[in-house]
Structures are given as C-alpha cells and as structure tokens.
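User: Can you take me through this model? I'd like to start with one residue and then look at the whole chain.
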2 protein chains.
Amino acid sequence: MESKFEIAAVGYVRSPLADRKNAPRQGNEGAPDVDIEISPEFEQALDGIETGQDIWLLTWFHAADRSTLRVHPRGELHNPEVGVFATRSPDRPNPIGLHRTVVLDIGKCRLRVQGVEAIDGTPIIDIKPVLGAPESKCHDKHL
Amino acid sequence: MESKFEIAAVGYVRSPLADRKNAPRQGNEGAPDVDIEISPEFEQALDGIETGQDIWLLTWFHAADRSTLRVHPRGELHNPEVGVFATRSPDRPNPIGLHRTVVLDIGKCRLRVQGVEAIDGTPIIDIKPVLGAPESKCHDKHL
C-alpha cells in the first residue's frame, strides 16, 4: 500500500514572529495576528471564505524534528515524557500544525487571521471551515 | 523557499466502509466506529493517549482529486460552487482529512475510535489531543 505522499505549500504565514524560540506554544498564548499569503494558483480555492468566519489553518512546521516520538509536554522537564501523538508538540513524524482562528480581513490571495503561533515563513498546507454549531460558544477558540 | 514536503503514513484506518461512494460526508452522519492501526515504528508516539479522550485524527484522502479548486458543497449541484478551502471536500490540493473523535479502546498499536467517515485503508498522518476546555460541552464532536 502506498505510504508516502507529496504535500505542497499553498501559501505562507507572514508573521512578526521570526523564530521558534520566541513563538508562543499555542495561538491563545499571546500569538500575534498574521497574514496568510496564498499562491495565485490557489486563489480560486479561497472563494467563499468570509470575514468573521472561524477556520482551521493547517501548517507544516518546517523547523520540526520529525524523528521525535516522545517529548516532555511543553518542553518542561518536570512534565513526564509521553508520546508525541498525546501532545501538540511540533516535533512529530508529520509536523502538521492545526490552528483554529478567525478571519479578520480578506484581500487578494491574502487572509488576515487572529492569533496564530506559527513563525514567519511557515508553509500553509490547507484551510478548512470550522463545522458544527454552536461553536462560537465554545471556549476552544485556538486549538 | 522550500514548497514540497514528504508525508508518510503512520498507520491506516480499518473500517467496514469499503469505498467513497458509500461513505458518509461527516463522522456524525452515521459513520461507523473504526480501528486505527499504527505502524510498530510509531508505537511509542501513542504513549499517553487514554480511553475516553477526545482526539483529532488527521488522514490522507488517497482517493481525492488534488486538482479540484472549486466544488458544489456536499456534491449537490443546487449548492453554489465555492472554493475548496471554504468547504470540507476531500478533493483539494492537499487532501488532508480532519476528524474529531473519541478513543473507545486501546490495544497494541491500535486505537478504536468513534464515528469516522474515512474509508478502509485511508492513511493516518497524525493524531493530536483536543485542547482547551470545556470542549466536552461543545456540540461539535465530529468536526
């Protein structure tokens, strides 16, 4: 069975966060609003996204260590080591970031979104609408 | 800037759903409970996941059409065509499936999880804990 696939960036995060060392661990921990620049070839795929909408942003943590299988959660040694699938560590076999955010503004091939902890230049691999109701009442804005 | 990345299956969905034609469109639309078989090389990464836990399952829709940029939502022609990033269509540039589910049982390199619409043999690319509280009160169990 096929087990390797090629993933292609559809755009990049433009953020004041320059490196991972200074990035918050989650979007609701003081992360800045960022711009999502989508490559022109994927412009049509944005059609229908609206200002104020809750979306999932999927990123590729290009600076991650993909050989890591166990970590101390949040990098703190007093937290007992667990498997990476039980954590949100960016170090994992397929370093996909899952960010829940809100669309603040829309331009040509560009979305301004709220509070994302990914560093400048992080590749965007997918955008999806948040489904279900009444999610706006949930307290998990920044999964 | 690097724009292509290799993603590797860490396991596969074992489901009674044999093909996409018969699969529900979302996990809360009658999808069966499924087994997640993780390859032995990634066994350690599962450590710490618990029965009853809410998790995100990320899959690779291997049967998707990656050239699709616009769709009629849910495949229904009376729904006006929109960009795939505004929908949960499996046909999209990087056909990643995002499934919120609950761990029902845990075995060696295996998780039994609730209501997932992915077909048998769908590659698993990541597993993450659902973060934030009080998510159990949200009505979005199957994003």
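User: Where is A:C109 placed?
Analyst: This is a predicted model. In chain A, A:C109 sits in the loop between β7 (96–107) and β8 (110–113).

User: What is its phi, for A:C109?
Analyst: The phi of A:C109 is positive, about 55 degrees, although the residue is not a glycine. Most residues other than glycine have a negative phi.

User: Is A:C109 buried or exposed?
Analyst: A:C109 counts as buried because its relative accessibility is 12%, and the cut-off for buried is under 20%.

User: Which residue of chain B has a positive phi without being a glycine?
Analyst: B:R74 does, with a phi of about 60 degrees. B:R74 lies in the chain B loop between β5 (70–71) and β6 (82–83). With a relative accessible area of 40%, B:R74 is partly exposed.

User: Back to chain A. How many helices and strands are there?
Analyst: Chain A has zero helices and nine strands. The radius of gyration of chain A is 16 Å, close to the 15 Å that the globule rule gives for 143 residues, so chain A is as compact as a globular protein of that length.

User: How much of chain A is buried?
Analyst: Of its 143 residues, 59% count as buried. Chain A exposes about 6,200 Å², and carbon and sulfur atoms supply 49% of that area.

User: And charges: how many positive and negative side chains does chain A have?
Analyst: Chain A has 17 positive and 22 negative side chains. The centres of the two sets are 4 Å apart.

Terms used. Residues numbered from 1 in each chain as written. Chains lettered and ligands numbered in written order. Predicted model: local features only at pLDDT ≥ 70, side-chain atom pairs only at ≥ 80, totals over all residues. Heavy atoms only, no water. Helix = DSSP H or I, 4+ residues; strand = E, 2+ residues; numbered from the N terminus. Rg over C-alpha atoms; globule rule 2.2 N^0.38 Å. Buried < 20%, exposed > 50% of the residue type's maximum accessible area, 1.4 Å probe, protein only. Areas by Shrake-Rupley, 256 points an atom, 1.4 Å probe, with all protein chains shown as cover. Lys, Arg positive; Asp, Glu negative; His and termini not counted. Charge placed at Lys NZ, Arg CZ, Asp CG, Glu CD.
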